[in-house]
Amino acid sequence: MKRLAITGAGGMLGSDLAKLATANGWEAVGFDLPNYDITDPEHLQQIVDAGDVIVNCAAYTNVDRAESEPQLCAAVNAVAPGILGQLATAANKYVIHVSTDFVYGDLTEQPQREDDPVKPLSVYGKTKLAGEQNLLDSGCHCSIIRVQWSYGANGANFVSKLAQLAAERRELKVVSDQVGAPTWTIDSARAILELAHHRPHGVFNFAAAGYATRYDVAKLIVRELALPVTLTPCSSSEFPTVAARPLNSQFNCAKLEQLLDFSRPEWQVSLCQFLSQTMVKI
Ligand SMILES: NC(=O)c1ccc[n+]([C@@H]2O[C@H](COP(=O)([O-])OP(=O)(O)OC[C@H]3O[C@@H](n4cnc5c(N)ncnc54)[C@H](OP(=O)(O)O)[C@@H]3O)[C@@H](O)[C@H]2O)c1
C-alpha cells in the first residue's frame, strides 16, 4: 500500500485529506504540532521517510497575527518548504505543497492563472509565495496547489463564522466586494489525491466552480439554514483588518482540470452538502 505522509494532519484540510486518502486505498500517516514541527529539519526528515508522497498541509494560517509574528510565519511558510524540498530530492520523493490565493494580490480583476504576475498584500501572502519559490528552487519533483476560501468540519473558517453570526443576530452586514469561490476541504483533498496519482510538476489553482462574494455565501447559508436574519451588503472598508486581503480571489483552474477525474463541483452544491452534514454543530 502506498503511503501518504501528511503534515498539518490535525488541521482543517489535513484531517479531511487523511480520511479521504485512507478511504481511497492509501496508508495515511499524519504529522502535526506539538510532536512534529516542520521548522525542525529532523522532524521533516522523519516525515519524508514516512511517505511515498509527502503532502505539506502545515502552515502558519493566522493572517492577521502574522503581521506581528513575521519571523515565525516565515519559518513555517517560507523556510520549511525549501528544506522539505531538499530532503525529498535527496530521498527521491514527490511533494505536494498547499498554497493560497493570497500570493496573487489584486493586480487584475480577471480570474487568475498560475503564471499571472503576483504581488501578495500581507506577511502571510509573502511568506506563502516564498515557500513556493523555495520548494521549486530545491529542484524537488513537486506540485503546488493554490487553494482559497477554504471551509471544512475541522477548523475555524468564514463559513462557520458566518453561520454562527447569522444564527445569533437579527441583522448582519456582510462584505460584497471580495469575490472568490468558497471551497470545501473535501473537494481540495480530492484534487490533492489526483495530484498524488498523476505526479505532475508545477503550480496549480484549485477552487470550487463559479464565483461568489462573501455576501452571496451568507445569503445561501441563511436560506439553507432558514435563519431569521436580515443581511445587508457592505464594503470591506467597513471591516478593517490588520492584514490586507485581496478583493479578487477568482481562480482560472483550467490547468488542473485537465488532470482531474471529477468535475469541480459548483460552490453552492458543496456548501449545501457541508451545511447539511454540519448543521448540528452550528
Ligand atoms: N483556510 C483557508 O481559508 C486557506 C485558504 C488558502 C490556503 N490555505 C492553505 O491551506 C493549507 C491548509 O490550511 P488549513 O486551512 O487546513 O489551516 P489549519 O486548520 O490552520 O491547518 C494548519 C495546520 O498546520 C499546523 N501547523 C502550524 N505550524 C506548524 C508547524 N511549525 N509544524 C507542523 N504543523 C504546523 C497547525 O497546527 P496548530 O493548529 O497547532 O497551529 C494546523 O494543524 C495551508 O497551506 C494554508 O496556507 C488555507
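This is a predicted model: local features need pLDDT of at least 70, side-chain atom pairs count only at pLDDT 80 or more; totals for chains, interfaces and linings use all residues.
Local features need pLDDT of at least 70 and side-chain atom pairs count only at pLDDT 80 or more, while totals for chains, interfaces and linings use all residues. Residues are numbered from 1 along each chain as its sequence is written, and side-chain values use heavy atoms, without hydrogens and water.

**Cysteines.** The structure holds zero disulfides (pairs of cysteine sulfur atoms within 2.5 Å). The closest cysteine sulfur to that of cysteine 140 belongs to cysteine 142, and at 4.7 Å it is too far for a bond. Cysteine 140 is buried, at 1% relative accessibility, and cysteine 234 is buried at 5% (buried means under 20% relative accessible area, with a 1.4 Å probe and protein chains only).

**Helix pairs.** Helices are DSSP runs (H or I, at least four residues), numbered from the N terminus. Axes are lines fitted to C-alpha atoms over the stretch in contact, and angles run from 0 to 180 degrees between N-to-C directions.

| Pair | Axis distance | Angle |
|---|---|---|
| α3 (residues 70-91), α4 (residues 123-137) | within 7 Å | roughly 15 degrees |
| α1 (residues 12-23), α6 (residues 185-198) | 9 Å | about 60 degrees |

Helix α3 is roughly parallel to α4 (an angle under 35 degrees), and their crossing is right-handed (the near helix is turned clockwise from the far one by less than a right angle). The contact (heavy atoms within 4.5 Å) includes Pro70 and Cys73 of α3 and Val123 and Tyr124 of α4.

Helices α1 and α6 are oblique to each other, and their crossing is right-handed. Among the residues that meet are Met12 and Leu13 in α1 and Thr185 and Ile186 in α6.

Methods: Buried means under 20% relative accessible area, exposed over 50%, partly exposed in between (1.4 Å probe, protein chains only). Helices (H or I, at least four residues) and strands (E, at least two) are DSSP runs, numbered from the N terminus. Angles under 35 degrees count as roughly parallel, over 145 as roughly antiparallel, 65 to 115 as roughly perpendicular and the rest as oblique.
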